[in-house]
Amino acid sequence: MVTGATGNVGRALVERLVSEDRPVRALTRDPQRAALPAAAEVVQLQLDDPATLFRGASQLFLYIQAAGERTAAFLEAARQAGVRHVVMLSSGIIREGADETHPIHVMHATTERVVRDSGLQWTFLRPNAFATNAFQWAPQIRAGNTVRGVFADSQSAPIHEDDIAAVAQRVLVDGGHEGAVHRLTGPEAITTAGQVAAIGRALGRDLHFVEMPPDEASAELFPHVPPPVLQALLKTYEAAVGVPPEITTTVEKITGTPARAFATWAEDHADDFRA
């Protein structure tokens, strides 16, 4: 079973499992608009009666927001129905020495504890920066060649969503990862301005990044970030200015294929930035 099946990682995972002829039940709140592969069993996520969702399933890919505050009951229903193993998409913000008061840390650490206490075998995937965060610039890129944003020199090693899905696929299919925590990153460091330039090259355009003061950053620049999280996120970006990011080789170790660079992600998603 795959929760968050229409999200970036969940969709890629469903497509990968289907291509391997694995039986997949994809949970989504709106099956009619899911546009998932025909071979997947697309089911509406109903938290009022979760037991019916798990019939015949042995493994679960858990997107953190799938069940929200009902995650414990959701996992208990899974356990009682025969699910043995849950692979949770967590966050690389959970690490030694991290700010445990950061709202993103709190959200993921809380859910990890629920998973650990569920009685199920578990594996945690902890990716750092997602390459898909670059979609925040899409409206500006469609409108012109100037992108305004914060902290041009903030560094990260963004990971392609399909590389996360590839790791999840192998963890679910191959076994042997129970109790493991896998930290996932892209293969190389790149600055914020460098990401914008890479998108421009993929589009055949010369894009310019214009740095703005962080106190002028608004929710419009971060459309998918809840307002209470925005200030903490800006501090995270600021702390990464001029600081080399963590880079792991976990993707290659588990899948046999190196993680893809941000430039490759930009080429894969060039059409998403076109008007």
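1. How many bridges join β4 to strand β5, and do the two run parallel or antiparallel? Five bridges join β4 to β5 (residues 121-127), and the two strands run parallel. Helices (H or I, at least four residues) and strands (E, at least two) are DSSP runs, numbered from the N terminus. Two strands count as paired if DSSP finds at least two bridges between them.

2. On the basis of this note: the model is predicted, with local features needing pLDDT of at least 70 and side-chain atom pairs counting only at pLDDT 80 or more, while totals for chains, interfaces and linings use all residues. Residues are numbered from 1 along each chain as its sequence is written, and side-chain values use heavy atoms, with hydrogens and water left out.

3. The open sheet consists of four strands in the order β3-β4-β5-β8, with parallel pairing. Its edge strands, β3 (59-63) and β8 (181-184), each pair on one side only. On average, neighbouring strands are turned by 15° against each other, direction ignored; axes are lines fitted to C-alpha atoms, for helices over the stretch in contact, and angles run from 0 to 180 degrees between N-to-C directions.

4. Individual pairs can be followed across β5. His-85 has Gln-121 of β5 as its bridge partner, and Met-88 stands opposite Phe-124 in β5. Phe-124 in turn has Val-181 of β8 as a bridge partner; four bridges join β5 to β8, which run parallel.

5. Strand β5 is largely enclosed by the rest of the structure, because six of its seven residues are buried (under 20% relative accessible area, with exposed over 50% and partly exposed in between; 1.4 Å probe, protein chains only).

6. Helix α2 (residues 71-81) lies across β3 and β4, running at about 170° to β3. Helix α3 (residues 103-116) forms a right-handed β-α-β unit with β4 and β5; right-handed means that, with the strands pointing away from the viewer, the path from the first strand over the helix to the second runs clockwise.

Definitions and conventions:
Contact means heavy atoms within 4.5 Å.
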